Amino acid sequence: MAAWLSARGFDEMLSDAAGAPFSIAVVSDTQNYVSHRNQREGGFPFDTREMLYDVMAYIARNARSAGGEIAFVSGLGDNWQHPSIAEPDQLSLDRGMRAIGNPVIEDLLPASPEQLLSIEMPAARAAWNIIADRLPFCVIPGNHDYDHLWTDHEFPAEIGGGIKGNKVEGIGGLQVSGLANWKNIFGASSPFFDGKAWYVSFHDEGCSSAQIFSAGGYRFLHLGLEMCPNEETLAWADGVINAYPGLPTIVSIHEFLNEEGERASIVYLDMTLRDSRRFGPARLWERFISRHDQILMTLNGHFHGVRHRIDLNQHGHKVYQFLVNYQGRKQSLKDTGSSARVIDGIGDGWLRLLRFDLAAAMPTLYLRAYSTHYKGFAPDLPRYAEWYGKEHPGMPAEEFLRLDDIAFDLEDFRQRFGPPGAAADP
């Protein structure tokens, strides 16, 4: 069921008709920060959740309400690490799914209900509390946020499967279901969003949601979608766009663009294999993203690293698609000299900043990456490519750096959305 709220009030308070530059902060795949395995009480050399708190404190200090440039925050899912139930829910059982043993997953991601409830979920809540009431934001669910995780009997794991370098191979076909825990923290009725004027619509208790914010002389619509949405979810999203026509629109979803710049699912976690009603990335582009001319940009995590691509939609206008996910970075652990085990990384305090200058002669978007741990942008760190270049093996260091430090001319922005200050209140 969809719900609709007014966007007035907060939007007017932070209106910016002068067209000053502004930024959107992107926080992706925070599960390694809050994992109970990566805290001192779990034997780790430091509390990685403190690194996440520093990221959110940086956003709070630089929010427009505090005199900074950050106007909106997109949280791209995988808010915690471990599931609470290692078997299908009843609906999945009724649809013919069945769990089988998988030693790799049982080692890497065992169901951990006690630690999830006492450590991981409270840490995620505490992190987002740091920016609550500071600025509009959205948090979407990722595959790690589902309550149930199992290996389906039709897709068993391979002998020798596991993490190989920066890749996960041969671990079978994983399935997930249920978002009760996620709804308790980030659902529409949570204190984060209940009654907020900028939180204008939601679907399935907030698993998908819509926000309005004003910045740079424009009103923006943001849509956060559940991973691999079904037709009902997309019909809701169609309705939101129809209710706010002409606004530049950003879509956040956990899975869309992969590290190779392709719109494709991870082989071992393709939610469409057992549920044809869901739309994977390629079908989502055709059915929804490319169809709506006001969709300017997509943001997603899930796949390791960063990547971008630009395609024309069905109306001949550009859609900017960005993968943002720093979860595999663990130089901060290496700096301690510890031999502590991590599943794939930590995050090292990195966040993406999308800086818009829409009043310039040529509207421009700048991509930057900032680490609150190393207190610098990517070009400030001489060993940046050495530390993290394995995210894109074989890519020259300069090209790798440009993935996190590049500008785009938004040539057709004014043609589509008019001059700054042109958008009217609905």
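Contact, in this text, means heavy atoms within 4.5 Å. The structure is a predicted model, in which local features need pLDDT of at least 70 and side-chain atom pairs count only at pLDDT 80 or more, while totals for chains, interfaces and linings use all residues. Residues are numbered from 1 along each chain as its sequence is written, and side-chain values use heavy atoms, with hydrogens and water left out.

We start with the chain as a whole. Its secondary structure comes to 13 helices and 20 strands. Helices (H or I, at least four residues) and strands (E, at least two) are DSSP runs, numbered from the N terminus. Along the principal axes, the C-alpha atoms of the protein chain fill a box of roughly 60 × 50 × 40 Å. The radius of gyration, taken over C-alpha atoms, can be set against a globule rule of 2.2 Å times the number of residues to the power 0.38. For 426 residues, a compact globule would have a value near 22 Å, and the 20 Å of the protein chain agrees with this. Of the 426 residues, 61% count as buried. Buried means under 20% relative accessible area, exposed over 50%, and partly exposed in between (1.4 Å probe, protein chains only). Among contacts in the protein chain with a separation of 6 or more, residues 24 or more positions apart account for 73%.

The next topic is a pair of helices. Two packed helices are described by the angle between their axes and the distance between the axes. Axes are lines fitted to C-alpha atoms, for helices over the stretch in contact, and angles run from 0 to 180 degrees between N-to-C directions. Helix α8 (residues 231-243) and helix α9 (residues 281-289) pack at about 35°, and their axes are 11 Å apart. Which residues of α8 meet α9? On the α8 side they are Glu 231, Leu 234, Ala 235, Ala 237, Asp 238 and Ile 241, and on the α9 side they meet Leu 284, Arg 287 and Phe 288. By class, this contact of α8 with α9 has 6 nonpolar, no polar and 3 charged residues. Here Ala, Val, Leu, Ile, Met, Phe, Trp, Tyr, Cys and Pro count as nonpolar, Asp, Glu, Lys and Arg as charged, and the others, Gly among them, as polar.

Now to the sheets. Strands of a sheet pair through backbone hydrogen bonds, either parallel or antiparallel. In this text, two strands pair if DSSP finds at least two bridges between them. β4 and β6 pair over 2 bridges, and Ile 100 has Thr 151 in β6 as its bridge partner. Strand β6 (residues 148-152) is joined to β9 by 4 bridges, and Leu 149 has Val 176 in β9 as its bridge partner. In strand β9 (residues 174-177), Leu 174 and Val 176 point one way and Gln 175 and Ser 177 the other way, and all are buried.

Strand β3 (residues 70-75) shows parallel pairing. Strand β2 (residues 22-27) pairs with β3 over 5 bridges, and Val 27 stands opposite Gly 75 in β3. Another 3 bridges join β3 to strand β5 (residues 137-139), where Phe 137 is the bridge partner of Val 73. In β3, 6 of the 6 residues are buried, so the strand is largely enclosed by the rest of the structure.

Some single residues complete the picture. Asp 78, in the loop between β3 and α4 (90-94), has a positive phi of about 55° although it is not a glycine. Is Asp 78 buried or exposed? Asp 78 counts as buried because its relative accessibility is 2%. Asp 204 lies in the loop between β10 (199-203) and β11 (208-215), and has a positive phi of about 50° without being a glycine. At 31% relative accessibility, Asp 204 counts as partly exposed. Gln 415, in helix α13 (residues 413-417), is exposed, with a relative accessible area of 63%.
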